[in-house]
Amino acid sequence: MTAPTSTNVAKGDARVDVQAGVVHGDINFYRLPPNASPEEQFTFALKYLDARVRDQARELIEKAVAGGLVTAEVQFYRLIALLSGRTLRQLAPEELDRLAVICASLPDLDDRNEWVVGLKSIIRLLAPVCPAETEIVIKEIDSLDQRQRDDIYGHLEALLEGAVQDEMWRKSVALADFQRTAGERFRRVWKFFHPVPAKPRTLPVRPAVIAFRDWLCAGVGAAVFTLATVQLTMLVAARGAFDPLLGLLAGLTGLAAFCAGGSDRYYRRTRLRAKEAQIRAPRQRGREAPAGGYARKVDRLFERYFGLYVPQGTDRTYWLTQTAGIRRHLRDEVAELYREQGIKADRIAWLVRHLVSDVRGQWERDTLTAYREQLSVPARTRILHIGGLALLAVGNLWVVPAVMAGAGLSGAGWLVLAVASAVPAVRSSFRIVAERRRVVDDQAERDEKETARWAAYHRWCQKLSDKPSDTEMAAWLEGDRKVLVDQAMQQYRLHPSHVIAHAFIEAPAPSCKRARYPQGPWRYSRYRLLLFLLTDDGVRQASIDLDFETATPRTNQRLNYRFDAVAAVRIDGIATQQQTFELTLFNGNPISILVSAPDNESLQDDENPTKIAELSLDAAGLSHTLHVLEGVAAEGKEWVKHRRNRADERLTNIAKTTRRLLD
């Protein structure tokens with residue numbers, strides 16, 4: 001086995017880009033209440049233990065014990081948290097001392113409740129087990145209730161050496177292989193990374209905007225027209241003839257019909273032009289939205305979903321061309337709705353999908369331009385408009401000659417004044433009526449949109465309602481890791497008892513999604529893993545990319561090197577900013593991987609950035625891996641021998657104590 005000549009695991013991806021983190025702020029799963037009681041501390045310790053945040057779990061259990069909570073169940077999990085994922089000889093001296101203290105503090109285990117039985121099973125594993133006792137020990141563990149049995153196989157599979165370790169490892173891998181796909185993982189896992197959807201909004205209806213000029217023209221024009229009409233009526237009546245009065249009445253009736261039909265026709269044409277403008281392809285803009293800005297992200301959402309939601313039997317290019325205008329209109333509406341709310345684009349992706357799906361549905365039903373038929377001028381309006389104009393003309397044929405014959409100059413003046421005031425008054429009244437009708441119709445459309453969007457929102461929330469818990473995510477990840485270790489052992493033709501220790505460096509892969517609970521560690525949609533298997537002959541190392549959403553691993557690199565080939569192991573950087581793990585071999589380039597990145601924008605008010613970073617690194621097993629590799633770098637192969645020698649004496653004393661408890 002020789003060391004590689006050139007290795008750099010991070011390569012061109014040393015800068016890991018992750019999407020903006022999702023923090024499920026509506027969940028208090030890890031929020032320990034102030035002045036928590038020992039019982040509450042223990043309850044939260046179990047949550048962290050299930051999440052594989054072992055250091056935090058140990059800390060909370062010790063606080064609960066110090067607070068007076070000392071039961072068989074607490075002692076069971078106290079040992080689980082201390083021993084999780086390690087052999088006895090991997091424990092640091094201070095941890096061996098703590099193990100001795102815990103064992104010495106245990107009372108006589110004569111009470112046969114379920115937790116005492118489980119505690120005895122763990123204690124039996126602390127004493128040397130000969131091959132002949134392997135089957136007895138395994139049967140004893142298998143007879144426990146499921147929770148205790150799964151915890152022992154899930155956390156203590158590497159505790160012993162020899163035949164017992166091989167059998168426990170086999171049981172542990174079988175459990176992990178089952179757990180990694182349990183709970184419909186592949187149907188649900190993506191939901192953990194999905195942010196809480198933003199509630200639907202609709203643009204408020206623009207209030208009626210009527211120019212002062214229109215009010216002035218309509219008001220003054222109507223007043224002047226009324227005055228002129230009265231004067232004309234008096235002039236016609238002075239002649240004593242009935243026909244001119246009948247003609248005047250016909251003219252006024254025609255004018256009223258013309259105004260009714262004309263205002264409806266004007267409104268329909270005006271609204272039709274506005275609707276057409278919404279779907280008309282926009283002119284090429286000189287500047288696009290900034291690449292990293294909110295508006296550009298909304299752009300990409302619409303581009304993506306319009307590209308995906310192509311109607312059946314429609315050419316994609318044709319579809320995109322024909323809907324360019326409505327795409328721009330909807331994009332502008334959504335960008336405006338949420339711009340000032342500090343809401344990230346991925347929280348409104350559901351709304352974009354709903355809007356695009358609605359457009360596709362209208363296209364397939366051939367109702368996308370149904371407004372054209374709805375706004376077409378009906379026959380009644382045409383009759384009123386044209387018939388009114390004709391009746392007005394006929395009436396004038398009676399009135400004008402009579403007025404001119406009875407009072408030539410003054411009559412002509414009142415006629416001109418009536419016409420001059422009526423024309424602008426009618427035009428202004430058309431605009432006023434149209435604006436008021438627009439508000440009514442816009443409000444009806446807004447109500448319809450709002451109802452549809454809330455229905456889509458509730459459907460999407462219902463779809464997300466079975467989002468996996470953080471402990472499920474941890475169990476799936478732990479199952480993946482254990483199966484990967486087992487596969488690596490098979491590739492290297494190693495038995496579990498041949499492996500002194502195994503360790504992971506776990507980091508986010510480039511362009512992954514991430515999410516977490518408040519006060520919880522980050523979970524990623526894709527991981528970059530470094531797996532180390534320590535054997536008597538040296539180190540086996542594998543670099544693995546894991547797609548967590550599909551549980552698909554891809555091994556990029558396998559290395560073998562001797563213990564004495566390790567020159568240095570270190571962590572560069574600060575946990576709250578950026579940390580890089582670096583392993584240097586004597587005859588190779590550094591093996592480096594980014595294990596943490598800065599995160600300030602997703603922190604909530606009660607969260608400490610240092611604590612969150614520590615929890616994430618704890619869940620990733622960084623401290624355990626560093627402890628192992630730093631020992632190898634400092635002492636080489638002798639580290640294994642020295643660690644065994646230093647541990648054996650303490651383990652002998654612990655074994656004596658455990659035998660006393662079991663007798």
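I begin with a charged pair: Glu506 and Arg481 form a salt bridge through their side chains, with N and O 2.5 Å apart. Please bear in mind that this model is predicted. The two partners lie 25 residues apart and join distant parts of the chain, since Glu506 belongs to strand 2 (residues 499-508) and Arg481 to helix 19 (residues 470-491). Are these two residues buried or exposed? Glu506 has a relative accessible area of 9%, so it counts as buried. Arg481, at 7%, is likewise buried.

A second pair is Asp545 with Arg528, whose side chains meet in a salt bridge at 3.2 Å, N to O. Here strand 6 (residues 538-547) contributes Asp545 and strand 5 (residues 526-535) contributes Arg528, and the two are 17 residues apart. Asp545 is buried at 11% relative accessibility, and Arg528 is buried at 10%.

In total, the structure holds 40 salt bridges. Arg206, Arg271, Lys275, Glu435, Arg438, Asp442 and Glu445 are linked by such bridges into a network.

The largest nonpolar core comprises 83 residues, and Tyr77, Leu99, Ile152, Met168 and Leu533 have the most contacts inside it. Its main contributor is helix 3 (residues 72-83), which gives nine residues. Beyond its sequence neighbours within four places, Tyr77 touches Phe42, Leu46, Leu49, Ile61, Trp115, Arg147 and Asp151. A separate core of 34 residues includes Ile279, Tyr309, Ala335 and Ala345.

Next, helix 6. Which of its residues are buried? In helix 6 (residues 134-142), they are Thr134, Val137, Ile138, Glu140 and Ile141. Viewed down the helix axis, these buried residues fall within an arc of 160°, so they line one face. Glu135, Ile136 and Lys139 are exposed on the other side.

Finally, the surface. Phe242, Leu246, Leu249, Leu397 and Trp398 make up a nonpolar patch with about 560 Å² of accessible area together. Helix 11 (242-279) and helix 17 (379-406) each provide at least two of its residues, and helix 11 has the largest share, with three. Trp398 sits in helix 17 and, at 41% relative accessibility, counts as partly exposed.

Note on methods:
Residues are numbered from 1 along each chain as its sequence is written. This is a predicted model: local features need pLDDT of at least 70, side-chain atom pairs count only at pLDDT 80 or more; totals for chains, interfaces and linings use all residues. Side-chain values use heavy atoms; hydrogens and water are left out. A nonpolar core is a set of buried Ala, Val, Leu, Ile, Met, Phe, Trp, Tyr and Cys residues joined through side-chain atoms within 4.5 Å. Buried means under 20% relative accessible area, exposed over 50%, partly exposed in between (1.4 Å probe, protein chains only). Helices (H or I, at least four residues) and strands (E, at least two) are DSSP runs, numbered from the N terminus. Contact means heavy atoms within 4.5 Å. The arc is that of the directions from the helix axis to the C-beta atoms. Patches are made of residues with over 30% relative accessible area and no salt bridge: like charges are joined within 9 Å, nonpolar side chains (Val, Leu, Ile, Met, Phe, Trp, Tyr) within 5 Å. Accessible areas come from the Shrake-Rupley method with a 1.4 Å probe; for residues, only the protein chains shown count as cover. A salt bridge is a side-chain nitrogen of Lys or Arg within 4 Å of a carboxyl oxygen of Asp or Glu.
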